Amino acid sequence: MADPELEAIRQRRMQELMAQRGGAANQLNPEQQNGQEEAKREADERRQMMLSQIVSSEARERIARIALVKPEKARGVEDVILRAAQMGQIVEKVSEERLISLLEQINTQTTKQTRVTIQRRRSVLEDDD
């Protein structure tokens with residue numbers, strides 16, 4: 001799957017979600033909506049261009065696969081990579097191995113403890129003798 005195709009699918013899905021959620025609550029005139037959408041699209045294009053310069057193609061594919069399952073996690077990983085690049089911490093392109101280690105670090109920081117408690121209901125007719 002090519003990156004432009006994936007981006008087009010993401011854009012369409014985002015527009016569908018915004019239309020469903022926004023509905024009648026979003027009372028902006030069409031020019032303002034078009035302006036906002038255009039600005040958002042340009043920002044996404046700049047973001048993708050920066051990522052393509054920083055991240056190797058294999059790592060971008062992995063991020064795209066993650067985005068299919070957990071878009072918020074993929075966006076967070078992209079944010080971390082972009083911030084590190086802006087601060088000068090990334091000297092060369094991020095390889096898939098480096099991305100995997102970054103994902104592992106993020107997972108250890110954000111894992112939640114799942115706790116399961118089982119409460120058994122006792123029937124009135126049961127004998128405990």
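Glu78 lies in helix H4. Leaving aside neighbours within four places in sequence, Glu78 is in contact with Arg47, Gln48, Leu51 and Ile63, contact meaning heavy atoms within 4.5 Å.

A word on what you're looking at: this is a predicted model, in which local features need pLDDT of at least 70 and side-chain atom pairs count only at pLDDT 80 or more, while totals for chains, interfaces and linings use all residues. Residues are numbered from 1 along each chain as its sequence is written, and side-chain values use heavy atoms, with hydrogens and water left out.

Now step back to the whole chain. It has five helices and zero strands, and reads α-α-α-α-α along the sequence. Helices (H or I, at least four residues) and strands (E, at least two) are DSSP runs, numbered from the N terminus. Of the 129 residues, 21% count as buried. Take the contacts between residues at least 6 apart in sequence: 71% of them join residues at least 24 apart.

Ile63 is found in helix H3 and counts as buried at 5% relative accessibility. Beyond its neighbours within four places in sequence, Ile63 is in contact with Val55, Ala74, Val77, Glu78, Ile81 and Leu99. Ile63 and Ile100 sit 37 residues apart in sequence, and their C-alpha atoms are 10.0 Å apart in space.

How do the helices themselves meet? Two packed helices are described by the angle between their axes and the distance between the axes. Axes are lines fitted to C-alpha atoms, for helices over the stretch in contact, and angles run from 0 to 180 degrees between N-to-C directions. H3 and H4 pack at about 145°, with their axes 5 Å apart. In this contact, Ile63, Ile66, Ala67 and Val69 of H3 meet Pro71, Lys73, Ala74, Val77, Glu78 and Ile81 of H4. By class, that is eight nonpolar, no polar and two charged residues; Ala, Val, Leu, Ile, Met, Phe, Trp, Tyr, Cys and Pro count as nonpolar, Asp, Glu, Lys and Arg as charged, and the others, Gly among them, as polar.

H3 (residues 57-69) packs against H5 as well, at about 40° and with the axes 8 Å apart. The two are therefore oblique to each other, given that angles under 35 degrees count as roughly parallel, over 145 as roughly antiparallel, 65 to 115 as roughly perpendicular and the rest as oblique. Here Glu58, Ala59, Arg62, Ile63, Arg65 and Ile66 in H3 meet Glu96, Leu99, Ile100 and Leu103 in H5. These residues divide into six nonpolar, no polar and four charged.

That leaves H4 (residues 71-86) with H5 (residues 96-110), whose axes come within 11 Å and cross at roughly 115°. That makes H4 roughly perpendicular to H5. Lys73, Val77, Val80 and Ile81 of H4 make this contact with Leu99, Leu102, Leu103, Ile106 and Asn107 of H5.

Two more residues are worth a look. Ser56, in the loop between H2 and H3, counts as buried at 12% relative accessibility. Apart from neighbours within four places in sequence, Ser56 is in contact with Lys93, Val94, Ser95 and Glu96. Arg60, found in helix H3, is partly exposed, with a relative accessible area of 26%. Arg60 touches Asp3, Leu51, Ser52 and Val55, not counting residues up to four places away in sequence. Along the chain Arg60 and Asp3 are 57 residues apart, yet their C-alpha atoms are separated by 8.9 Å.

Notes. Buried means under 20% relative accessible area, exposed over 50%, partly exposed in between (1.4 Å probe, protein chains only).
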